[in-house]
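Thanks for coming. I have one structure to go through today, so let me put it on the screen.

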Amino acid sequence: MTKKEFVSLLGEQARADMAKTGILASLTIAQGILESGYGTRELAVNANNIFGMKAELSGNNWPSDWGGQTYTKETNEQKPNGEVYTITAAFRKYESMAESIKDHSDYLAGAKKGSVLRYAGLVGERDYKKAIQIVKAGGYATDNNYVSKNMFHYRKMELDAVRHTGSGAEYEY
């Protein structure tokens, strides 16, 4: 699958997901591109895991349709001081990209830190920069440059061309 084909498929599914969940389609697309390397990374290829979703996510619970299958691999993490280290982790394995997108959105909409929503304010947010900052602040990734990396893909793919309307979004590539 080419990069353009991946983005087109991801965009179509993210648009449909946004209509159901209120999670910004451009956020789903940019995160999917970054986390999966346009669908080419090991986790995307072998587990349909487009977003790097670990099997256990910071002790969070949320309504999830994930079937419980896992895929184990090494992954890099980063400390706040910038030190990068490698761990072996179990990641969620999905039957399809659509299942990965749904679980990602369900997580972003419902994960809690204690009794507070981890990504409070994300559902319904239409400003991409605010949305990705909410995701990073909620602890989605340990990468200190996560916001700027997502912004790079957002601008590169011209994701501001994702038209957000009350009935969904129109993706233009």
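A polar contact here is a pair of N or O atoms within 3.5 Å, where one must be able to donate a hydrogen and the other to accept it. Keep in mind that this is a predicted model.

With that cut-off, look at helix 5, residues 128-137. Asp 127 caps its N-terminal end, with a side-chain oxygen 2.9 Å from the backbone nitrogen of Lys 129. After helix 5 comes Gly 139, with a positive phi near 95°.

Which residues of helix 5 are buried? They are Tyr 128, Ala 131, Ile 132, Ile 134 and Val 135. Viewed down the axis of helix 5, the buried residues fall within an arc of 155°, so they line one face of the helix. As background, an α-helix has 3.6 residues a turn, so residues three or four places apart point the same way.

Next, Asp 106, which sits in helix 4, residues 97-110. Is Asp 106 buried or exposed? Its relative accessible area is 18%, and buried means under 20%, so Asp 106 counts as buried. Its side chain makes a polar contact with the side chain of Lys 102, at 2.7 Å. Setting aside neighbours within four places in sequence, Asp 106 is in contact with Trp 62, Pro 63 and Ala 111.

Last, the largest pocket, with a volume of about 870 Å³. It is lined by 29 residues, and Glu 35, Thr 75, Asn 76, Glu 77 and Ala 141 lie nearest its centre. Strand 1 gives the most to that lining, 6 residues. By class, the lining has 11 nonpolar, 8 polar and 10 charged residues.

Technical notes
Residues are numbered from 1 along each chain as its sequence is written. This is a predicted model: local features need pLDDT of at least 70, side-chain atom pairs count only at pLDDT 80 or more; totals for chains, interfaces and linings use all residues. Side-chain values use heavy atoms; hydrogens and water are left out. On a 1 Å grid over the protein atoms alone, a cavity is a set of points where a 1.4 Å probe fits but cannot get out, and a pocket is an open set with protein on both sides within 12 Å along at least five of seven lines; lining residues have an atom within 4 Å of a point. Grid points are joined across faces, edges and corners, and a volume is the space filled by probe spheres set on the points. Helices (H or I, at least four residues) and strands (E, at least two) are DSSP runs, numbered from the N terminus. Ala, Val, Leu, Ile, Met, Phe, Trp, Tyr, Cys and Pro count as nonpolar, Asp, Glu, Lys and Arg as charged, and the others, Gly among them, as polar. Buried means under 20% relative accessible area, exposed over 50%, partly exposed in between (1.4 Å probe, protein chains only). The arc is that of the directions from the helix axis to the C-beta atoms. Contact means heavy atoms within 4.5 Å.
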